[in-house]
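Visitor: Hi! Could you walk me through this one?

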Amino acid sequence: MEIQRKLKVLITGGAGFIGSNLCEHFLSKGYSVICLDNFATGHRHNLAACVQNENFRLIEGDIRNLDDCRNAVEGVDYVLHQAALGSVPRSIKDPITTNDVNVSGFLNMLTASSDAKVKRFVYAASSSTYGDSEGLPKVEDVIGKPLSPYAITKYVNELYAEIFSRTYGIETIGLRYFNVFGRKQDPNGAYAAVIPKFVMQLMNLESPIINGDGNYSRDFTYIDNVIQMNELAITATNKSAVNTVYNTAFGDRNTLNNLINYLKKYLSKYDSRIADVLIEYGPNRMGDIPHSLASIEKAKLLLEYNPKFSLEQGLQEAIDWYWVNLKK
Ligand SMILES: NC(=O)c1ccc[n+]([C@@H]2O[C@H](COP(=O)([O-])OP(=O)(O)OC[C@H]3O[C@@H](n4cnc5c(N)ncnc54)[C@H](O)[C@@H]3O)[C@@H](O)[C@H]2O)c1
């Protein structure tokens, strides 16, 4: 009797927020999972559950090193490429390192994957690719000019993926993530994302500072919707669904002021004093786009995407997690 080999998925950036959630998910689905990470912004504690699993392998390495990439893709069926340096302000402060990791590192991973004949290369693209295009909702084939070095790197990823599909025949899918949030997102550091940062500040009864007047809006996307998209991107058998990019979002937008109100509402169930914490307002941040809202019609049509978590539903789960795991 033939023994069926487990499908092997390589998750780069697997020690980070999104990557570690993907590692746990694909292990739970019976895949063999390899994580390639250099711990630049990821954490070992994110992998605490994974390292107990015999189907998990951690490779400490750097995507800027082509040999590390070739080593990691050996015998792999699918790549979920998440490794990158996130954050628009980080890229404005240090465009060279952001470009090295996000462009050269991406090209290394794509080359290694193509040479190793992986079945599909799915990668984290970004809503920042919409740049200064003002139309809402954002549809995949209408983009503007990038507004930051980070946005350039993510757009270049899409261009390389398309050329590699056409030139070398590797199947690629880019997932343009829109403001992802949820368990394990890092609340610390200068480049922390807004939701975990505000949650930590409110938990500590400190005033969060909103950049601008709070009326900028975002399509905040819960991690479980992102996991669903990654799984659909791997498993899609419809050939017209590959070699393209998809918005990965819930398909609704909320202002920063709405967000703060939800956070205060759900957190004050744990500590009623949080309802009275004052909010401060500062200047707008360079490179930020005023409004962001995804059309998710393409993913619904071609991948049968069906996001289960709105901002409010996701926040309730995320806040429960933060309270248990991070409250000092
Ligand atoms: N979080 C979001 O809202 C969002 C939005 C759009 C796109 N993205 C993209 O999604 C991906 C994951 O983001 P995240 O929020 O989980 O960030 P994260 O910082 O938590 O994870 C990134 C991971 O990549 C690793 N990494 C960085 N440089 C590396 C290198 N040179 N070699 C190997 N590993 C390296 C880090 O150590 C970290 O574990 C990134 O590509 C990011 O650009 C995220």
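Guide: Happy to! One term before we start: a crossing is left-handed if the near helix is turned anticlockwise from the far one by less than a right angle, and right-handed if clockwise. This is a predicted model, where local features need pLDDT of at least 70, side-chain atom pairs count only at pLDDT 80 or more, and totals for chains, interfaces and linings use all residues. Residues are numbered from 1 along each chain as its sequence is written, and side-chain values use heavy atoms, leaving out hydrogens and water.

Visitor: Is the crossing of α1 and α7 left-handed or right-handed?

Guide: α1 and α7 cross in a right-handed way. Helices here are DSSP runs (H or I, at least four residues), numbered from the N terminus.

Visitor: Which residues of α1 and α7 make the contact?

Guide: On α1, Phe 17, Ile 18 and Asn 21 are among them, and on α7 they include Ile 223, Val 226 and Ile 227. Contact means heavy atoms within 4.5 Å.

Visitor: New topic: which residues come nearest to the ligand?

Guide: Asp 37, Thr 41, Asp 62, Tyr 150 and Val 180 do, out of 27 residues around the ligand. A residue counts as near if one of its heavy atoms lies within 4 Å.

Visitor: And what does Phe 17 do there, how far is its polar backbone atom from an oxygen atom of the ligand?

Guide: That distance is 2.8 Å. Gln 82 also has a polar backbone atom 2.8 Å from an oxygen atom of the ligand.

Visitor: What about Asn 38 and the ligand?

Guide: There, a polar side-chain atom of Asn 38 sits 3.3 Å from a nitrogen atom of the ligand.

Technical notes: A polar contact is a pair of N or O atoms within 3.5 Å; within protein, one must be able to donate a hydrogen and the other to accept it, and residues adjacent in sequence count only if both atoms are side-chain atoms. Helices (H or I, at least four residues) and strands (E, at least two) are DSSP runs, numbered from the N terminus.
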